[in-house]
Amino acid sequence: MKARIHITLKNGVLDPQGKAIQSSLGALGFFGIENVRQGKYIELDIAQSDPAKAKAELSHMCEKLLANTVIENYAIDLEA
Amino acid sequence: MKTAVIVFPGSNCDRDIKVALEAATGTPSAMVWHADRTLPECDLIALPGGFSYGDYLRSGAIAANSPIMRAVVDAAKHGVRVLAICNGFQVATESGLLPGVLMPNASLKFVCKDVLLRVETAESEFTRNYSQGEVVRMPIAHRDGNYFAQGDELDSLEGDGLVAFRYCDERGQLSDDSNPNGSARNIAGIFNKERTILGMMPHPERLADTCLGGTDGKTMFDGLVTALA
């Protein structure tokens with residue numbers, strides 16, 4: 001199965017990279033852009049055909065390595 | 001006093017800490033490769049500075065899952081002291097040895113300069129040769145040194161006297177100007193509950209000899225030797 005994982009900063013965590021991107025967009029002439037937050041996207045193939053088992057394993061991977069749950073949330077999408 | 005220094009792919013302050021530890025202890029430090037599964041018998045483990053795994057994914061995240069770290073965490077549980085410096089502090093938070101996380105500097109810049117630190121407590125083996133409130137100088141060199149933890153975690157750290165060092169000015173006052181990376185409450189270093197683990201972003205090993213320009217870092221190693229030898 002193919003997994004697509006989005007890792008994003010929790011609300012309230014300062015994101016200076018997002019702010020820098022926002023400034024740059026403003027400098028380029030794009031106005032009305034607010035609340036830019038930068039995250040990570042990871043995709044991988046998992047050799048597990050049971051979606052529930054795959055999701056459980058992927059969550060475990062996120063908790064253990066892919067995300068730092070002190071400051072990040074994760075969202076997992078699966079496709080066969 | 002026996003010491004071990006863990007070496008990850010990308011560590012670059014392993015030799016510096018070895019030199020500082022050997023100068024203080026008079027015994028050779030064991031250099032332990034990250035892929036090993038066992039540690040030699042030792043009183044203190046150093047997690048050195050550097051760019052383990054190129055800071056890929058998150059600084060210290062991949063190193064924290066190295067085979068050797070299971071032995072390090074186990075040794076720490078059994079009371080072996082851990083000194084986690086810079087990238088080592090990042091590895092320590094990622095492996096759960098210490099709370100919180102080191103985020104990118106608020107300025108987004110890599111900051112490389114000497115800073116002033118206020119010693120928050122001398123009640124530890126690491127800081128026993130300093131006095132509480134003393135202002136010391138140590139170099140920093142990092143891009144991800146912005147210490148963050150939730151408010152209640154920070155209150156808990158402070159309440160239990162587990163903040164080791166804070167960034168300050170020459171009068172020992174805390175200010176935004178004296179904070180090089182945006183760390184919460186100007187925190188530069190913290191202990192675990194038992195004060196057997198110290199994590200800090202500044203590099204004591206880089207100011208531990210007059211030929212390096214100062215010896216404020218040497219005070220820490222001498223204190224450790226007195227406590228643990």
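I started in the loop between β5 (101-103) and β6 (111-119) of chain B, where I found Leu108(B). This is a predicted model, so I keep that in mind throughout. Phi of Leu108(B) is near 65 degrees, a positive value in a residue that isn't glycine. I noted it because most residues other than glycine have a negative phi. Is Leu108(B) buried or exposed? I looked: Leu108(B) has 12 other C-beta atoms within 10 Å, and exposed means 12 or fewer, so it counts as exposed.

Next I checked Asn186(B), which also has a positive phi, near 55 degrees. Asn186(B) is in the loop between β9 (163-167) and β10 (187-191) of chain B. I got 22 C-beta neighbours inside 10 Å for Asn186(B); the cut-off for buried is 20 or more, so I put it down as buried.

Those two strands, β9(B) and β10(B), pair antiparallel over 3 bridges. Across that pairing I see Arg166(B) opposite Ile187(B) of β10(B).

Then I traced the whole sheet in chain B: 9 strands, open, mixed pairing, in the order β2-β1-β3-β4-β11-β10-β9-β6-β7. β2 (30-33) and β7 (135-142) of chain B are at the edges with a single partner strand each, so one side of each has no neighbour in the sheet. Ignoring direction, neighbouring strands here are turned by 25 degrees against each other on average.

Last, the helices. I have α1 (residues 14-25) of chain B packing on the sheet, where it touches β1 (3-7), β2, β3 (44-47) and β4 (81-85), with its direction at about 175 degrees to that of β1(B). Helix α3 (residues 87-94) of chain B lies across β3, β4 and β11 (197-200), at about 120 degrees to β4(B).

Technical notes. Residues are numbered from 1 along each chain as its sequence is written. Chains are lettered from A and ligands numbered from 1 in the order in which they are written. This is a predicted model: local features need pLDDT of at least 70, side-chain atom pairs count only at pLDDT 80 or more; totals for chains, interfaces and linings use all residues. Helices (H or I, at least four residues) and strands (E, at least two) are DSSP runs, numbered from the N terminus. Two strands pair if DSSP finds at least two bridges between them. Axes are lines fitted to C-alpha atoms, for helices over the stretch in contact, and angles run from 0 to 180 degrees between N-to-C directions. Two residues are in contact if their C-beta atoms, placed from the backbone, lie within 7 Å.
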